[in-house]
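I would ask you to keep the sequence and the structure in view as I speak.

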Amino acid sequence: MCSNEYVLEISREQFEELVGIALDEVPPELAALMDNVAVFVENEPPAGEPDDLLGLYDGTPLTDRDHSYGGVLPDRITIFMCPTLRICETYDDVVDEVHVTVVHEIAHHFGIDDARLHELGYD
């Protein structure tokens with residue numbers, strides 16, 4: 001579980017539910033295009049990553065896949081609960097931040113880089 005560095009008391013189950021809601025809000029036409037990707041919730045980013053990392057995409061973006069792509073483990077989108085709770089002051093802040101983070105990481109799956117996400121307002 002997270003350390004008590006945050007004000008909000010949100011359980012892991014509640015946080016996972018918020019991630020699920022954010023995934024459900026992805027337009028169906030985009031969700032149908034997602035291929036070989038799994039979404040996870042972890043408490044903290046892995047060692048070597050910034051402590052304030054909210055999400056991480058690990059895989060081969062759809063735009064980089066060619067005919068040789070196959071037989072690989074699913075891409076991973078991981079949403080980190082504790083850093084999210086550390087930056088949020090209210091439950092609504094958590095809902096909004098989870099939504100933005102999920103969209104941000106899905107965008108990486110589609111090959112959209114951080115610079116373009118910044119232009120679109122997903123920092």
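I shall discuss the strands, then the nonpolar core, and finally a pair of helices.

Please bear in mind that this is a predicted model.

Let us begin with strand E3, residues 75-80. How many of its 6 residues are buried? The number is 5, so strand E3 is largely enclosed by the rest of the structure. Strand E3 pairs with strand E1, residues 37-42, in the parallel sense, over 6 bridges. In this pairing, valine 37 lies opposite aspartate 75 of E3. Strand E2, residues 55-58, is joined to E3 by 4 bridges, and these two strands run antiparallel. Here aspartate 58 has arginine 76 in E3 as its bridge partner.

In soluble globular proteins, nonpolar side chains tend to be buried together. The largest nonpolar core in this model contains 22 residues, and Phe15, Val19, Val94, Val98, Val102 and Ile106 have the most contacts inside it. Two or more residues of this core come from each of helix H1 (12-24), E3, helix H3 (81-87) and helix H4 (91-109). Leaving aside residues up to four places away in sequence, isoleucine 106 touches Leu23, Val26, Met34 and Ile77.

Finally, how do H1 and H4 meet? Residues of H1, including Phe15, Val19 and Leu23, meet residues of H4, among them Val94, Val98 and Ile106. The two helix axes come within 9 Å and cross at roughly 55°. H1 and H4 are therefore oblique to each other, and their crossing is right-handed.

Notes:
Residues numbered from 1 in each chain as written. Predicted model: local features only at pLDDT ≥ 70, side-chain atom pairs only at ≥ 80, totals over all residues. Heavy atoms only, no water. Buried < 20%, exposed > 50% of the residue type's maximum accessible area, 1.4 Å probe, protein only. Pairing = 2+ DSSP bridges. Core = buried A, V, L, I, M, F, W, Y, C linked by side-chain atoms within 4.5 Å. Contact = heavy atoms within 4.5 Å. Axes fitted to C-alpha atoms, helices over the stretch in contact; angles between N-to-C directions. Parallel < 35°, antiparallel > 145°, perpendicular 65-115°, else oblique. Left-handed = near helix turned anticlockwise from the far one by under 90°.
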